[in-house]
Amino acid sequence: MLLKFTKMHGLGNDFMVVDGVRQKVFFNPDLIKRLGDRHFGVGFDQLLLVEPPYNPDLDFHYRIFNRDGSEVQMCGNGARCFARFVLDHGLCNKNEIKVSTMAGQLVLKVESDGEVVVNMGVPEFTPAKLPFTMESSATCYDLPLTQELKDSDSEALKQWVAEHPTLKIGAVSMGNPHMTTVVPDVATFPVELVGPMLERHSFFPERVNVGFMQVLSRHEVKLRVYERGCGETMACGTGACAAAVIGMSQGLLDHKVKVELPGGKLRITWEGESNPVLMKGPATTVFEGTIEI
């Protein structure tokens, strides 16, 4: 069958967006891997599926699949693209859109400047909820690294771990698990070396998204994110929220922060405990297409 899709991106974090309301679709991991291949398929970080609402009080259900075929709970950059997609394709005529996800409900608001504000919900610091195998919640943890090494790991990684046997991190769920560590310079930090080891760390039984944050001021940070199931991406919305919230909880940042990612900037606002995180940023359509599946 021919599958209609739209290619979109949020600050370079790219998506294949599929209307599952007006066309019948079923995705299995092998098909998603084939579609996600950047040489033989469409190519994307995640596939986003728009479905009819599971709850009559909501507008849609939102599903997210990594290009390795795994389904995940949340994608913030994808949520902004989701909002633009349903408006641009005539599936909805409201500027405030309510959707359900595996992680709970989201409210997406398309503003007059075309950017989208996503209410990302209240961050969850309880380790068991991430899940994260620490007994009690803290703003900062010492994460042991030596035991995570495998015989097959590179000598460069083994040397890095020998010099850094523990890593100071913050951990939070933004609907999906995140750790963030503060680094002196994101441009020179060996994300491609350390990211895969941290993503699979045994203290995170469902794996984890890993943020590397450089604090520029109390109002601005630089961030690189190694996403579980994807590797490093140009931007990660939940990662930006997680990094900002962790920086705020550690007293490093004020409650409004610009997060500069390789693909561009997001604006994150969090008023503190029990309050939701608000994320504002762009969503861009690249092209429309069809593909035989």
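Residues are numbered from 1 along each chain as its sequence is written, and side-chain values use heavy atoms, leaving out hydrogens and water. Because the model is predicted, local features need pLDDT of at least 70 and side-chain atom pairs count only at pLDDT 80 or more, while totals for chains, interfaces and linings use all residues.

**Stop 1: salt bridges**

Start with the charged side chains. A salt bridge here is a side-chain nitrogen of Lys or Arg within 4 Å of a carboxyl oxygen of Asp or Glu. The search of the whole structure finds 21 salt bridges.

Select R22 and D19. Their closest N and O atoms are 3.0 Å apart, and the two form a salt bridge. Buried means under 20% relative accessible area, exposed over 50%, and partly exposed in between, with a 1.4 Å probe and protein chains only. R22 is exposed at 52% relative accessible area, whereas D19 is buried at 10%.

Next, select R38 and D45, whose side chains meet in a salt bridge of 3.2 Å from N to O. R38 is partly exposed, at 45% relative accessible area; D45 is buried, at 5%.

Now go to D254 and R218, which form a salt bridge with 2.8 Å between N and O. This pair links distant parts of the chain, 36 residues apart. D254 is in the loop between α5 (237-249) and β15 (256-261), and R218 is in the loop between β12 (209-217) and β13 (220-227). Helices (H or I, at least four residues) and strands (E, at least two) are DSSP runs, numbered from the N terminus. D254 is partly exposed at 26% relative accessibility, and R218 is also partly exposed, with 36%.

**Stop 2: helix α5**

Select residues 237-249, which are α5. The helix has 13 residues and spans 18 Å from its first C-alpha to its last, close to the 18 Å expected at 1.5 Å a residue; the expected span is 1.5 Å times one less than the number of residues. Is α5 enclosed or open? 12 of its 13 residues are buried, so the helix is largely enclosed by the rest of the structure. Among the buried residues are G237, C241, V245, I246 and M248. After the helix comes G251, whose phi is positive, near 80°.

**Stop 3: a nonpolar patch**

Select V182, V215 and L252, which make a nonpolar surface patch of about 190 Å². Patch residues have over 30% relative accessible area and no salt bridge; like charges are joined within 9 Å, and nonpolar side chains (Val, Leu, Ile, Met, Phe, Trp, Tyr) within 5 Å. The accessible areas come from the Shrake-Rupley method with a 1.4 Å probe, and for residues only the protein chains shown count as cover. V182 lies in strand β11, residues 177-182, and is partly exposed at 43% relative accessibility.

**Stop 4: cysteines**

How many disulfides does the search of the whole structure find? The count is 0, where a disulfide is a pair of cysteine sulfur atoms within 2.5 Å. The sulfur of C81 has its closest cysteine sulfur in C75, 8.0 Å away, too far for a bond. C230 is in no disulfide either, with the nearest cysteine sulfur, that of C75, at 8.1 Å. C81 is buried at 0% relative accessibility, and C230 is buried at 9%.
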